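Hi everyone, thanks for making time. I'd like to walk you through a structure, starting with the whole chain and then zooming in. Let me put it on the screen.

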Amino acid sequence: MRIYDVIVVGAGHAGIEAALAASRMGCSTLMVNLRFDTIGHMSCNPAIGGVGKGQLVKEIDALGGEMAKAADACGIQFRILNASKGAAVQSSRAQIDRALYIRYMTRRVRAQKNLSLKEAEVMRLVVEGGAVRGVATKNGTELRASCVVLCPGTFLAGLMHVGLQSQPGGRQGEQACTALADDLKALGFNLLRFKTGTCPRIDAKSIDYSQLIVQEGDRTPKPFSFSTKRLEQRQIPCHITYTNRTTHRIILDNLDKSPLYTGKIKSTGVRYCPSIEDKVVRFSDKERHQVFLEPEGYNTDQVYPNGISTSLPEDVQLKVLHSIKGLEHAKVLRFGYGIEHTVVEPTQLFPTLETKRIRNFFTAGQINGTTGYEEAASQGLVAGINAALRAKGKELLVLDRASSYIGVLIDDLTTRGTNEPYRMFTSRVEYRLVLREDNADMRLAEAGFRAGLITKAQAFRVRKKAEAVKKAIAYFHAHPVKDSPAVSKRLAELKTAPIKKRTTLADLLRRPEMSYAALETIPGVRLDLPGEVAHQVEIDVKYAGFIERQMHEVAKFENLEKIRLPADLDYTGIPGISREIGEKLKSFKPLNLGQASRISGVTPAAISILMVYLKKLHG
């Protein structure tokens with residue numbers, strides 16, 4: 001019997017990143033999925049990125065993952081969200097050709113060295129001596145491996161709802177994995193039930209676009225991947241319309257047919273991406289809600305009306321659509337539905353995404369309580385890296401809150417848990433001014449290089465970029481701008497004050513009216529920086545004071561993260577720590593003092609006592 005280094009169960013966004021990472025790191029890897037014609041399928045809207053999510057995709061790329069490259073290759077419209085706001089909250093988003101994305105990811109997976117594929121339903125884990133040893137399939141075959149990464153998406157005991165009708169399924173037309181959910185329960189995992197949903201799909205030929213607001217992509221689209229030089233594909237516009245009072249009345253009149261409001265669905269839904277039923281009920285003061293019509297690709301007439309996710313009956317869905325401007329004669333190609341699925345309560349995981357209950361067993365994606373392709377892919381990448389590192393007998397990777405959005409995502413899940421589907425936002429990130437999209441490569445490429453996913457040449461380019469930025473910033477602070485009539489004239493044209501004392505390039509750039517591009521137009525100023533370096537310099541100079549303060553906060557944070565906690569530490573025997581807090585720490589098994597401090601109910605006083613105890617313990 002062949003024994004693999006890593007088995008990855010699932011071929012969605014988490015499974016793809018996990019399998020590619022493990023195999024690229026030199027591990028023999030097996031990807032098991034119910035069907036392989038759905039690799040990288042976008043079950044919900046055809047888009048990658050968004051507020052807080054674009055940062056995740058950039059970080060996946062910086063670590064050596066695939067999602068950003070796929071988005072660049074398959075994107076049909078690219079936009080920077082919050083472009084008028086500060087760099088800390090700007091996020092990339094791209095509309096994706098759904099069919100192209102599946103073909104792209106399928107090619108990548110099938111061509112990957114060290115990666116084998118098998119179509120099968122996994123029924124249970126093979127566990128021996130407290131460690132996973134593989135998985136067992138429906139036909140009774142046992143597949144053996146050193147580590148297993150489970151990425152089942154919404155298929156884990158999935159139950160789909162349309163109106164008051166429900167049926168088992170992980171996605172429309174695909175079966176659910178119920179036996180595996182039962183096995184996890186039998187193994188002692190605490191399981192939750194979450195709910196998500198999707199919108200109906202509309203035939204573009206039946207939409208009256210003359211009544212809609214056009215939304216074009218950015219004039220000069222910016223790639224997701226740091227390795228993509230430019231985007232040259234044709235961009236397709238999206239369109240915007242709105243619900244209205246008639247729409248809301250139809251929904252309110254039919255709540256008795258909604259599984260959400262009749263108690264048929266008992267699971268917790270996505271608060272930040274609610275169904276149209278939830279929006280109308282919870283925000284009753286709003287007269288309208290935006291509907292974002294997203295084309296699903298170059299060669300399809302299928303359109304996704306983002307904003308009206310619903311599990312109402314089909315006839316009601318049709319009435320709702322026909323009440324909306326531009327959709328009066330809309331033809332539905334596929335109706336929306338709600339889906340309940342099983343979640344492993346994520347505080348049962350270490351920050352490496354290995355489960356505390358079973359060694360060498362990792363979980364990633366919606367099984368950990370998240371919603372969204374980007375959140376799933378981020379976890380899949382980390383789980384795949386750590387499964388490979390464990391198979392090789394090496395120290396596992398932990399990304400903390402000061403290093404990345406991915407670190408915040410995983411820390412939130414494993415330390416605080418979640419009682420609802422988790423979605424990433426910039427507001428969740430304390431150090432967002434230093435964890436920006438534009439510097440993701442400089443923050444994470446070294447970790448990707450150490451793991452074996454970033455090549456020596458790629459790591460060298462990132463180091464070279466960082467050195468260029470540092471050198472340019474020093475030049476800006478040291479180089480004065482000499483006053484002259486021509487300089488004063490240009491400054492006046494830029495509506496900024498004249499030079500009255502010694503002024504450096506950095507002084508000028510810090511002015512609110514100034515930008516790097518404007519600075520280049522000042523007579524006598526000669527700048528010739530590559531675009532990515534210029535962008536970094538502008539941000540670092542303009543926000544220098546804020547960044548410096550945040551870096552001090554990061555340093556304090558990292559001091560706590562460096563204080564490791566022994567895995568076998570008996571917290572209940574430490575004088576001064578209450579029994580309740582001791583039991584909680586024993587249950588959570590925090591890796592370090594920083595993580596312990598973020599566990600709900602663990603007081604600052606307990607952390608102080610623990611710090612003193614550790615000092616005595618280590619002399």
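So, how many helices and strands does the secondary structure of the protein chain come to? The count is 20 helices and 20 strands. Before we go further, please keep in mind that this is a predicted model.

Let's talk about overall shape. Along the principal axes, the C-alpha atoms fill a box of roughly 80 × 75 × 50 Å.

What about inside and outside? Of the 619 residues, 57% count as buried. The protein chain exposes about 26,500 Å², and 51% of that comes from carbon and sulfur atoms. There's also the matter of charge: we have 88 positive and 65 negative charges, and their mean positions are 3 Å apart.

Now, contacts. Take those between residues at least 6 apart in sequence: 73% of them join residues at least 24 apart.

Okay, zooming in on helix H5, residues 178-186. Which residues of H5 are buried? They are Leu180, Ala181, Asp183 and Leu184. If you look down the axis of H5, these buried residues fall within an arc of 160°, so they line one face of the helix.

Over on the face of H5 turned away from the buried side, you'll find the exposed residues Lys185 and Ala186. Just after H5 comes Gly188, with a positive phi of about 100°.

Last stop: another glycine, Gly169, in the loop between strand E11 (165-168) and H5. Is Gly169 buried or exposed? Gly169 has 0% relative accessibility, and buried means under 20%, so Gly169 counts as buried. Leaving aside neighbours within four places in sequence, Gly169 is in contact with several residues, among them Thr154, Gly158, Met160, Gln175 and Ile339. For a sense of distance, Gly169 and Leu318 are 149 residues apart along the chain, and their C-alpha atoms are separated by 23 Å.

How values were computed
Residues are numbered from 1 along each chain as its sequence is written. This is a predicted model: local features need pLDDT of at least 70, side-chain atom pairs count only at pLDDT 80 or more; totals for chains, interfaces and linings use all residues. Side-chain values use heavy atoms; hydrogens and water are left out. Helices (H or I, at least four residues) and strands (E, at least two) are DSSP runs, numbered from the N terminus. Buried means under 20% relative accessible area, exposed over 50%, partly exposed in between (1.4 Å probe, protein chains only). Contact means heavy atoms within 4.5 Å. Accessible areas come from the Shrake-Rupley method with a 1.4 Å probe; for residues, only the protein chains shown count as cover. Lys and Arg count as positive and Asp and Glu as negative; His and the chain ends are not counted. The place of a charge is taken as NZ of Lys, CZ of Arg, CG of Asp or CD of Glu. The arc is that of the directions from the helix axis to the C-beta atoms.
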